[in-house]
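The following report describes the secondary-structure elements of one protein and the way they pair and pack.

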Amino acid sequence: SIDVVYIRHHTQAKEVDEQEFFYSQETGGTIASSALELMNTIIEERYSESSWNIYGAQASDGDNWADDSPHCADILTNQLLPKVRYFSYIEITQRAHQTLWHQYSTVANSNSHFAMQHIRGVEDIYPVFRELFKRNAEQAA
């Protein structure tokens, strides 16, 4: 059985269906930790780690309130990564990386099941997804 849970956020996160996730537009400030906190709550309430293989992915333009980015790294490190098999962060922007990317870089350096990639344009989408989700030969053996 596979469940896909979609979470959207700006200053507050909410669980949505696939249609709303891909086609609704949000405006306003960004507090990314609200989505990570909601993900953690959903895992704790619905998905026992002993019964589910949990995978997470976050896609963002990188905008986040600067003082929230360290909080995001803390949630990832101390709450989510211990519960998931793999988590990927994809930043979609042509600008320079923001504080969220820099905070997540420190998380990636110490967690082998956390990966990051940068998408600058449409042509990068498939190569990035192939890289993020390629089969690890060592783990397959």
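Strands β3 and β4 (residues 86-92) pair in the parallel sense over 6 bridges, where two strands pair if DSSP finds at least two bridges between them. Within this pairing, G56 has F87 of β4 as its bridge partner. The model is a predicted one, in which local features need pLDDT of at least 70 and side-chain atom pairs count only at pLDDT 80 or more, while totals for chains, interfaces and linings use all residues. Residues are numbered from 1 along each chain as its sequence is written, and side-chain values use heavy atoms, with hydrogens and water left out.

The open sheet comprises 3 strands in the order β3-β4-β5, with parallel pairing. Because β3 (55-60) and β5 (114-119) stand at the edges with a single partner strand each, one side of each has no neighbour in the sheet. From one strand to the next, the twist averages 15°.

Overall, the protein contains 6 helices and 5 strands (DSSP runs numbered from the N terminus, helices being H or I of at least four residues and strands E of at least two), and from the N terminus on the elements run β-β-α-α-β-α-β-α-β-α-α. The radius of gyration is 15 Å, close to the 14 Å that the globule rule gives for 141 residues, so the protein is as compact as a globular protein of that length; this radius is taken over C-alpha atoms, and the rule is 2.2 Å times the number of residues to the power 0.38.

Two helix pairs can be set side by side, with axes as lines fitted to C-alpha atoms over the stretch in contact and angles running from 0 to 180 degrees between N-to-C directions.

| Helix pair | Angle | Axis distance |
|---|---|---|
| α3 (residues 69-80) and α4 (residues 99-109) | about 30° | 8 Å |
| α2 (residues 33-46) and α3 | roughly 15° | within 9 Å |

Helices α3 and α4 are therefore roughly parallel to each other, a term for angles under 35 degrees. Their contact (heavy atoms within 4.5 Å) is made by S69, P70, C72, A73, L76 and T77 of α3 together with T99, L100, Q103, Y104 and V107 of α4.

Helix α2 is likewise roughly parallel to α3. The residues in contact are S33, L36, E37, M39, N40 and I43 of α2, and H71, C72, I75, L76, Q79 and L80 of α3.

Technical notes
Parallel < 35°, antiparallel > 145°, perpendicular 65-115°, else oblique.
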